[in-house]
2 protein chains.
Amino acid sequence: MVDGQRPVRHPVGLRELKKQRTRDALLRVALDLFTTRGYEETTVDEIAEAVDVSQRTFFRYFASKEEAAFTIQDMVETHFLAELRQRPSRETPFVAMRHAVLASWSRINEAIEALIPVELHLRTYRMIESTPSLLAAHLRRATELEEQAALVIAEREGLDVESDPRPRVAVAAFSGVMRVTGRLWGQGQETGLDGLLELTQSYLDQLVPTLAGDWSARDQPPAP
Amino acid sequence: MVDGQRPVRHPVGLRELKKQRTRDALLRVALDLFTTRGYEETTVDEIAEAVDVSQRTFFRYFASKEEAAFTIQDMVETHFLAELRQRPSRETPFVAMRHAVLASWSRINEAIEALIPVELHLRTYRMIESTPSLLAAHLRRATELEEQAALVIAEREGLDVESDPRPRVAVAAFSGVMRVTGRLWGQGQETGLDGLLELTQSYLDQLVPTLAGDWSARDQPPAP
DNA sequence: GAGGCTAATGACAGCCTCTGCCAGTTGACA
DNA sequence: TGTCAACTGGCAGAGGCTGTCATTAGCCTC
């Protein structure tokens with residue numbers, strides 16, 4: 001996660017306001033072009049031209065073309081971590097992560113909507129999942145998030161991440177499942193947020209019994 | 001996985017032989033420069049020049065600079081899948097994967113040594129883990145491998161991957177742990193293959209009890 | 001409210017990865 | 001040996017990204 005820096009609305013000078021506008025416009029146009037035309041097929045020149053700024057200016061707002069694609073994702077991840085830190089300590093690590101994910105998804109909508117339509121964000125997520133180079137970046141970012149989550153978990157449980165592997169192991173297994181559901185949702189027909197929530201819950205519920213090794217036909221979940 | 005295409009030594013014409021030599025030389029020089037000077041700091045021009053071919057020729061042997069970095073990794077993954085397919089069906093999926101990983105690591109050395117020193121491969125692996133763009137690619141490749149592994153598991157167990165989430169869930173959790181160990185080994189001081197094997201085994205043994213939720217102080221594994 | 005200060009921008013040159021194209025060279029094979 | 005096909009080199013160019021520098025435009029003070 002780069003910074004978690006939201007476009008915080010400092011209601012100061014006109015200069016700041018213009019910068020906000022430029023950045024918002026660049027983001028909106030970029031995501032729109034990415035999701036309609038395709039990420040690789042969209043050049044930075046096109047984005048810049050559509051906003052009437054120079055290419056050089058685009059790179060002053062976004063360190064890379066890729067960074068623009070992950071702006072919203074960055075916000076979501078920041079919210080997840082904040083939520084995780086607030087979970088009551090009586091919850092087991094696994095339960096806490098589960099709740100943090102579901103809660104942050106449910107509550108972040110307003111924050112996103114201030115920037116772009118939520119529907120555009122969902123399209124962006126699917127685009128990331130289906131664009132090889134972005135998927136790669138997404139996975140790398142996910143591991144960084146995992147590391148942070150592991151630190152939070154370790155602190156909750158009063159453990160030392162360096163000497164005790166369990167926080168990292170738990171987080172790794174958890175986010176492994178999250179990746180699977182994210183991918184399936186991206187490939188499926190159910191494009192709404194509800195579908196993603198349901199799928200995630202049902203898969204997470206499967207994790208422990210699945211690893212326990214008893215794969216008899218019982219407890220078979222419904223097909224997605 | 002691109003193709004699993006090993007430089008199979010067809011002892012045919014002189015033309016093939018020259019191609020082999022060129023490809024091998026490019027690979028060796030590339031990995032050597034990557035690991036000593038750094039991946040981003042090495043240009044394709046430098047690699048080509050060191051082998052006395054044109055830059056254009058480099059791209060005829062490797063679709064990208066990145067592909068060169070993953071040539072050996074590709075072989076390893078192919079071996080893992082082959083090994084997994086051969087595990088006796090009485091083993092649980094988790095145990096089968098565990099054995100396949102350990103077995104493939106132990107046996108692939110000769111195949112690697114035919115191309116480059118194994119030590120160079122280990123250095124390359126660490127370089128991949130510590131280079132952001134390569135780490136991203138590595139993770140994406142890993143998910144592709146996961147998908148294939150899930151298919152093998154599903155077939156072993158007579159399940160349908162599309163309707164039953166357990167193969168993917170099991171593989172996701174398993175490879176999540178593998179990633180953690182790979183990363184820790186890459187960051188640690190223990191640069192040998194033995195260290196990696198030990199670390200992996202100890203972490204895998206932790207997975208099921210960790211997720212079971214009982215995090216009392218017992219069963220604390222040794223620090224890495 | 002005019003002028004100086006500084007942040008933001010545009011424009012240009014340049015590096016690096018990667019691709020298409022075409023001409024030249026070199027094994028392969030009759 | 002001569003023809004054919006494969007391999008190569010070199011060039012041009014697209015696209016991402018960076019450094020530099022002159023110009024523009026808010027901002028702040030007097």
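In chain A, 59% of the contacts between residues at least 6 apart in sequence join residues at least 24 apart, where a contact means C-beta atoms, placed from the backbone, within 7 Å. This is a predicted model, in which local features need pLDDT of at least 70, side-chain atom pairs count only at pLDDT 80 or more, and totals for chains, interfaces and linings use all residues. Residues are numbered from 1 along each chain as its sequence is written, while chains are lettered from A and ligands numbered from 1 in the order in which they are written.

**Fold and domains of chain A**

- Chain A has 11 helices and 0 strands, counted as DSSP runs numbered from the N terminus (H or I of at least four residues for helices, E of at least two for strands).
- Chain A splits into domain 1 (14-64) and domain 2 (69-211), with bounds from an automatic or database domain assignment.
- The centres of these two domains of chain A, taken over C-alpha atoms, lie 27 Å apart.
- Where they meet, 9 residues of domain 1 of chain A are in contact with 10 residues of domain 2 of chain A.
- The domain 1 side of that meeting in chain A has 4 nonpolar, 1 polar and 4 charged residues; Ala, Val, Leu, Ile, Met, Phe, Trp, Tyr, Cys and Pro count as nonpolar, Asp, Glu, Lys and Arg as charged, and the others, Gly among them, as polar.

**Helix H6 of chain A**

- Helix H6 (residues 93-107) of chain A has 15 residues and spans 21 Å from its first C-alpha to its last, close to the 21 Å expected, which is 1.5 Å times one less than the number of residues.
- Buried residues in H6(A) include A:Pro93, A:Phe94, A:Met97 and A:Val101.

**How chains A and B meet**

- 36 residues of chain A are in contact with 36 residues of chain B.
- On the chain A side, helix H9 (132-157), helix H10 (166-187) and helix H11 (193-211) each give two or more residues, and H10(A) provides the largest share, 11 residues.
- By class, this side of chain A has 21 nonpolar, 9 polar and 6 charged residues.
- A rotation of 180° with 0.0 Å of shift along its axis superposes chain A on chain B, with RMSD 0.0 Å, by least squares on C-alpha atoms of residues with pLDDT of at least 70 in both.
- That is the relation of a two-fold axis.
- The copies meet through the same surface, because 100% of the interface residues of chain A are also interface residues in chain B.

**Around DNA strand D**

- 20 residues surround DNA strand D, the closest being A:Gly13, A:Arg15, A:Ser64, A:Lys65 and B:Thr57; near here means a C-beta atom, placed from the backbone, within 6 Å of the strand.
- The surface near DNA strand D has 5 nonpolar, 6 polar and 9 charged residues.

**A closer look at B:Ile128**

- B:Ile128 sits in helix H8 (residues 118-130) of chain B and counts as buried because it has 23 C-beta neighbours inside 10 Å.
- Leaving aside neighbours within four places in sequence, B:Ile128 is in contact with B:Ala69, B:Leu134, B:Leu135 and B:His138.
- B:Phe34 is 94 residues from B:Ile128 in sequence, and 9.5 Å from it in space, C-alpha to C-alpha.

Note on methods. Contact = placed C-beta atoms within 7 Å. Buried ≥ 20, exposed ≤ 12 C-beta atoms within 10 Å, placed from the backbone.
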